Amino acid sequence: MIFPLLGFTQTPSEDLTTRALKNRWSEDRQWHRLVQYQKTFWGGFESPAESKNFFIATDGKTHPENELLATIQAFQKNTKIKSKDGEYEDPAACVFPARKLFLEKISGTQLPTPSCDRFERFKEVLQPQSMTYVFSSYYLNNPASAFGHTFLRINKGPSARDGERYELFDYGVGYAAMKVSENPFVYSFLGVSGMMPGSFDINPYYYKVREYNDFESRDLWEYDLSFNPEEVELIVAYIWELLNANFNYHYFSENCSYRILSIFEVARPSLELTSKLKSQVMPADTVQTLFETQGLVKNISYRPSGRATFAKRYQSLSKNEQSKIQEFAREESLEKLKKDLSKDEQRQVLDAAMDYMDFRYPKEILRKEGHYHFKKEILFARAELGGTSESVKVPPPWSEAPHDAQGSRRLGVGMREWNNSKSYLFGFKLSLHDLLDPKIGYPPTAEITMGDFAFTYSEESHEIALDKFTAYEVISLAPIDDFNKSFSWRLKVAVERGYENNCDRLCRWTEISGGSGSTYSFWKDLDIALWLKASLLTSSDFVEDHWKMGLGPALTLRWNRDWFALLIESYYRYDYKGVQDEFRQNSVGMNFSLNKKLSLRFEGKDENSVQRLDARVLYYY
């Protein structure tokens with residue numbers, strides 16, 4: 001609905017309009033945040049909202065004052081505005097209840113209050129009492145969730161029946177890209193370039209728990225926030241407005257976390273959250289921003305994934321019961337599971353078997369197909385035994401808490417000795433975490449690197465050279481145990497320098513490599529992985545043939561505990577052109593973590609008998 005600004009008549013609203021102009025309400029910080037105005041390069045303002053329905057004035061997207069005056073008029077005249085899908089038409093005050101709260105507060109005037117059936121029903125369903133910011137841990141199998149995900153939980157009060165809080169009956173509000181293509185490359189390109197539409201959605205919290213905790217085995221970290229009832233009312237009203245709007249989704253900046261934090265700034269204008277974020281907004285960084293804002297986070301709680309719940313129950317079993325569960329995971333025989341066990345032992349193993357089925361086959365159980373029927377047999381067997389079981393309490397793994405993680409960015413300076421030549425090293429990494437970094441706050445068996453630049457400066461030649469650019473690298477170590485037989489995998493897209501075969505000098509090439517393998521973990525800190533790794537390299541520096549393509553085994557050994565980490569890798573590549581082009585690489589790296597922000601790192605590499613030594617100081621922020 002477009003509302004013309006011209007042609008004002010002498011109505012009661014004119015007083016409010018005059019006051020708005022005189023007192024410059026359109027310059028108020030809260031008004032700017034309500035419409036999400038941002039300063040442009042030319043000194044003006046522009047809202048990132050793309051929906052015409054989000055603005056009342058024809059030029060409201062770029063003129064805060066015109067939008068404010070149009071809003072006042074629309075409220076006074078009870079102007080009807082259509083919903084985003086065109087299905088509903090409601091009075092402006094019902095479509096923009098947060099703006100109404102703002103205007104009433106800043107003016108001290110009660111505005112006309114039309115009947116808002118849909119909005120009142122919305123509040124009635126939510127029953128909002130408080131807010132919680134939720135971080136869903138890293139999920140490497142989905143590029144869109146590889147860096148974690150955050151959303152907002154709207155909390156109801158305690159139940160009138162028994163006074164208890166039932167979180168699963170709360171509601172979760174998220175902001176996500178609208179899927180416009182099934183092609184992962186098109187999807188990634190649109191998301192990174194900001195050409196994909198994004199919108200808010202709201203679902204029961206149990207739906208979110210099922211999606212993240214159960215389907216994807218991701219732990220949830222919940223941060224209760226200190227918003228007062230007036231702020232909670234404004235947040236709910238603003239979410240109602242945002243459900244009617246679209247924005248362009250930017251995967252690395254204006255993403256799920258950014259948009260949720262902008263809601264908090266509307267409710268409490270004194271907050272400066274989005275301005276503290278880096279240009280690349282990582283979900284874990286936003287958790288740290290909230291945690292470091294004095295008085296905002298009241299309490300932290302942890303909701304374990306289905307896998308973590310099963311693991312905890314499994315640990316509580318006796319050795320004999322554990323053996324039964326291991327056998328059950330291999331053969332899935334209910335009869336063998338119960339055989340030769342007392343009734344109490346059968347209760348224990350049947351409870352564990354049901355937890356195992358929940359995390360192993362969540363989708364089949366939800367869709368009532370496949371193993372759903374087998375789980376029903378286990379349930380019947382457990383019901384016949386009777387008796388109650390103690391619920392499993394999984395203590396929060398504080399070493400993985402996202403608010404305590406190192407900064408996702410990194411700067412590094414140091415020295416290099418390479419083929420009897422010395423140079424200075426400097427570089428920076430946009431995100432996120434590698435296998436030598438301390439594990440705290442990050443997935444303990446994974447590396448996710450994006451935008452890692454390294455340069456060298458040679459005193460002899462006085463040249464600054466690009467040494468490495470890693471566009472994207474993921475290493476997912478999936479330790480094999482009795483209940484996990486998944487393969488580990490790795491993928492890398494980078495530009496690097498080195499002494500490859502057939503290089504008559506130092507070469508620079510573009511590399512795409514990947515592989516799959518098996519990982520075994522010992523004492524939780526030692527990981528040993530055996531890979532089959534393939535590499536494709538191309539460079540104009542290569543003599544004769546500008547392409548190299550081969551395949552071969554690789555071995556990774558990593559020890560990472562507390563302040564010290566060691567990583568040793570060995571790789572042999574057989575090139576498709578024959579033995580004369582085979583390639584060998586051995587490397588070793590050590591990281592000494594001095595504190596949360598500083599590390600010392602030493603790395604050595606041997607490529608076809610050419611050695612390289614690096615020593616760097618790393619700063620995380």
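Buried here means under 20% relative accessible area, and the legends below apply this term to close-up views of a predicted model.

**View 1. The disulfide between Cys94 and Cys116.** The sulfur atoms of Cys94 and Cys116 are 1.9 Å apart, and a search of the whole structure finds one disulfide. Because Cys94 belongs to helix α4 (residues 92-95) while Cys116 sits in the loop between α5 (97-107) and α6 (117-126), the pair ties together parts that are 22 residues apart in sequence. The torsion about the S-S bond is about -75°, so the disulfide is left-handed.

View 2. A search of the whole structure finds 45 salt bridges.

**View 3. The salt bridge between Asp452 and Lys468.** Here the closest N and O atoms are 3.4 Å apart, and because Asp452 lies in strand β14 (residues 446-458) and Lys468 in strand β15 (residues 463-476), the pair ties together parts that are 16 residues apart in sequence. Asp452 is buried, with a relative accessible area of 10%, whereas Lys468, at 26%, is partly exposed.

**View 4. The salt bridge between Glu216 and Arg218.** The closest N and O atoms of this pair are 2.7 Å apart. Glu216 counts as buried at 17% relative accessibility, and Arg218 is buried as well, with a relative accessible area of 1%.

**View 5. Helix α3, spanning residues 64-76.** The helix has 13 residues and reaches 19 Å from its first C-alpha to its last, which is close to the 18 Å expected at 1.5 Å a residue. Eleven of the 13 residues are buried, so that α3 is mostly covered; among the buried residues are Pro64, Leu68, Ile72 and Phe75. Just after α3, Asn78 takes a positive phi of about 55°.

**View 6. A nonpolar surface patch of about 770 Å².** Leu411, Val413, Phe426, Phe428, Ile464, Leu594, Leu598, Val617 and Tyr619 make up the patch, to which strands β12 (410-418), β13 (421-433) and β23 (610-620) each supply at least two residues. Phe428, found in strand β13, counts as partly exposed at 33% relative accessibility.

Key
Residues numbered from 1 in each chain as written. Predicted model: local features only at pLDDT ≥ 70, side-chain atom pairs only at ≥ 80, totals over all residues. Heavy atoms only, no water. Disulfide = S-S within 2.5 Å. Helix = DSSP H or I, 4+ residues; strand = E, 2+ residues; numbered from the N terminus. Patch = residues over 30% accessible without salt bridge, like charges linked within 9 Å, V, L, I, M, F, W, Y side chains within 5 Å. Areas by Shrake-Rupley, 256 points an atom, 1.4 Å probe, with all protein chains shown as cover. Salt bridge = Lys/Arg side-chain N within 4 Å of Asp/Glu carboxyl O. Buried < 20%, exposed > 50% of the residue type's maximum accessible area, 1.4 Å probe, protein only. Expected span 1.5 Å × (residues − 1).
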